[in-house]
Amino acid sequence: MADMVLPGPVEGSDICQCQKINIHTMKISDACKDKDCIEDIRVYPTVASQAVIDSAFSVRPCGAELIYADVKVDEISFNRGYYTVDISYFYKISGEVFPGGSKICGLAVFEKRVILFGSEGDVKTFTSARNNRFFGGHSPTAIVEAVDPIILNMRISEGGCEHGENELRNIPDFIRDAIGEDIALYDTFKKLYVTLGQFSMIRLERDTQITLDDFSYFVPEKECVCSNEDDPCTLFSRVEFPTEEFYPPDTISPNECYRHLK
């Protein structure tokens with residue numbers, strides 16, 4: 001029978017006071033990291049920007065900001081323990097047109113789905129900190145971490161809708177507020193498209209109780225994704241995943257404790 005692990009200082013080190021502690025936290029059941037090259041998604045400009053685009057020949061990208069990510073989790077009925085995670089990324093895109101150099105901005109939306117293992121659990125959780133209300137359920141919690149995307153290309157196109165183009169209908173008010181102006185959702189002759197490079201980490205978590213004795217970072221190695229020469233996506237595929245953007249810088253090496261314990 002295994003020995004019971006009790007919280008308290010780890011013996012044998014007077015240099016680094018590491019200790020084991022019992023905590024209630026979220027356990028990661030599955031995770032993946034993504035490096036998405038999102039080609040030619042439609043940008044819906046503001047009404048003022050659309051008037052500028054209609055008289056422009058070309059456009060130069062200036063910036064892309066990730067405003068919000070809407071995340072939904074659904075169980076896969078034919079494969080117990082697995083869940084789909086549907087994510088809608090909302091971006092504020094800015095650019096500069098030629099001729100004239102006028103600034104433009106608009107809204108772009110990218111939708112994706114990944115499948116992760118979320119385990120099974122039917123425990124219902126109640127807590128006095130939340131007025132004793134039920135807050136835990138059968139489905140795990142999906143967490144999406146993402147940085148602002150890289151603009152790889154931006155262009156103006158004339159004519160009808162292109163293949164795979166998103167049609168926006170209901171846009172949340174706080175998204176409209178983030179853009180700052182009315183968005184031109186009506187059909188236009190000249191349309192704006194952007195290609196983005198998006199880094200993200202996606203994971204499923206469940207409540208659990210554990211004893212900590214390791215303080216190193218967890219970085220998923222599994223890729224959830226997909227790459228011709230001289231196109232924006234080929235360029236993006238050569239960009240290294242920016243792991244340091246997702247974690248704060250270390251003040252002390254996480255391995256320093258363990259060196260003294262050996």
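**Close-up views of a predicted model**

**View 1. Lys35 and the face of Phe236.** Lys35 lies over the face of Phe236, at 5.6 Å from the ring centre. The structure shown here, as in every view, is a predicted model. Phe236 belongs to one aromatic cluster, together with Phe199, Phe241 and Phe246.

**View 2. Lys33 and the ring of Phe241.** The charged end of Lys33 sits over the ring of Phe241, at a distance of 5.2 Å from the ring centre. Phe241 is also a member of the aromatic cluster that includes Phe236.

**View 3. Aromatic pairs formed by Phe241 with Phe199 and with Phe246.** A pair of aromatic rings is described by the distance of the centres and the angle of the planes. In the model, the count comes to 8 aromatic pairs. One of them joins Phe199 and Phe241: the ring centres are 5.2 Å apart and the planes stand at 85°, so this pair is edge-to-face. Phe199 and Phe241 are both buried. In the pair of Phe241 and Phe246, the centres are 5.6 Å apart and the planes meet at 15°, so the pair is stacked. Phe246, like Phe241, is buried.

**View 4. Gln50 in helix α1.** Helix α1 spans residues 47–53 and contains Gln50. The relative accessibility of Gln50 is 2%, and Gln50 therefore counts as buried, the cut-off being under 20%. Which residues are in contact with Gln50, leaving aside its neighbours within four places in sequence? They are Pro45, Ala184, Tyr186, Thr188 and Lys190.

How values were computed: Residues numbered from 1 in each chain as written. Predicted model: local features only at pLDDT ≥ 70, side-chain atom pairs only at ≥ 80, totals over all residues. Heavy atoms only, no water. Helix = DSSP H or I, 4+ residues; strand = E, 2+ residues; numbered from the N terminus. Buried < 20%, exposed > 50% of the residue type's maximum accessible area, 1.4 Å probe, protein only. Contact = heavy atoms within 4.5 Å. Phe/Tyr/Trp six-rings, centres within 6.5 Å; stacked < 30°, edge-to-face > 60°. Lys NZ or Arg CZ within 6 Å of the ring centre and 35° of its normal.
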